[in-house]
Amino acid sequence: MKLHHLRNATLVIETEKHVILIDPMLGKRKTIAPFTLFRYPPKRNPLTALPKNSREILSKVTHCLITHLHPDHLDKAGEVFLKRKSIPVICSTKDEKKITQRGLTVIQSLDYWKPQNFLDGKITGIPAVHGYGFIAKLMGNVMGFFIELLNEKTIYISSDTIFTDDVQKVLIELKPDIATVACGTARLDFGQPLLMRMNDILKFCALAPGKVFANHLEALNHCPTTRLQLKAALSDNGLLNKAAIPNDGECVEY
């Protein structure tokens with residue numbers, strides 16, 4: 001199995017039979033308004049361009065999973081790509097109506113903790129809580145995915161979430177071979193972080209039974225945590241050997 005990290009939370013899972021796109025933010029630099037104006041410099045998003053090899057990787061995509069509808073996970077360019085290529089979408093039942101209204105083809109929608117057949121295996125929707133405290137309500141519903149494909153490593157796409165009992169349950173009971181974690185510690189101009197703080201990222205990595213794939217870094221103006229800071233924290237806690245912190249365009253083989 002190969003994981004291609006494109007940018008932010010946009011990644012592609014490539015197996016021998018399937019190529020699954022996760023959360024396509026495919027627009028050019030500066031096509032989305034800043035997410036903070038005061039707490040961090042009000043730069044337009046995304047801060048980085050898509051990597052040069054993204055077109056080749058995207059040309060192989062067969063299916064798309066969407067965790068939630070924030071523009072850094074599904075932007076206009078992502079929608080255009082999915083429509084133009086007629087790529088089937090899998091999402092939460094809570095997002096199905098809105099995604100369909102945007103002209104995309106939802107072939108499967110999931111409820112939390114109810115496994116369904118998916119390709120040649122299974123997929124389970126996992127609850128995600130997008131922020132600490134009251135901010136999570138404003139952020140709306142998010143779904144992670146636990147994916148089990150035939151003769152492939154299992155993978156947990158935890159999505160935009162803080163550390164919760166549900167996250168812990170996946171790591172301890174479902175024992176994913178690979179677990180993705182959003183590490184940018186995003187914050188708006190008010191309220192607590194929208195993603196795991198560093199202590200929770202470290203807890204996630206320590207509990208993960210297999211390998212960790214860190215993303216949601218250095219692409220948005222409200223995500224202060226850098227790859228170097230994450231690497232240093234993992235190294236200080238003896239966890240660096242478990243984690244990949246890929247650059248945009250990088251492929252990690254498992």
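Entry one, the rule. I count a salt bridge when a side-chain nitrogen of Lys or Arg lies within 4 Å of a carboxyl oxygen of Asp or Glu. I am working on a predicted model. With this rule I get five salt bridges, and I followed up some of them here.

Entry two, Lys 60 and Glu 14. I found their side chains joined in a salt bridge, with 3.4 Å from N to O. This pair links distant parts of the chain, 46 residues apart. I placed Lys 60 in the loop between helix H1 (54-58) and strand E4 (63-65), and Glu 14 in strand E2 (residues 10-14). I also checked accessibility: Lys 60 is partly exposed at 36% relative accessible area, while Glu 14 is buried at 16%, since buried means under 20%.

Which side chain meets Glu 218 in a salt bridge? I found that of Arg 227, at 3.1 Å from N to O. Glu 218 is partly exposed, with a relative accessible area of 32%, and Arg 227 is buried, at 13%.

I noted Asp 248 as partly exposed, at 24% relative accessibility. Through shared partners, Glu 218, Arg 227 and Asp 248 join into one network of salt bridges.

Technical notes: Residues numbered from 1 in each chain as written. Predicted model: local features only at pLDDT ≥ 70, side-chain atom pairs only at ≥ 80, totals over all residues. Heavy atoms only, no water. Helix = DSSP H or I, 4+ residues; strand = E, 2+ residues; numbered from the N terminus. Buried < 20%, exposed > 50% of the residue type's maximum accessible area, 1.4 Å probe, protein only.
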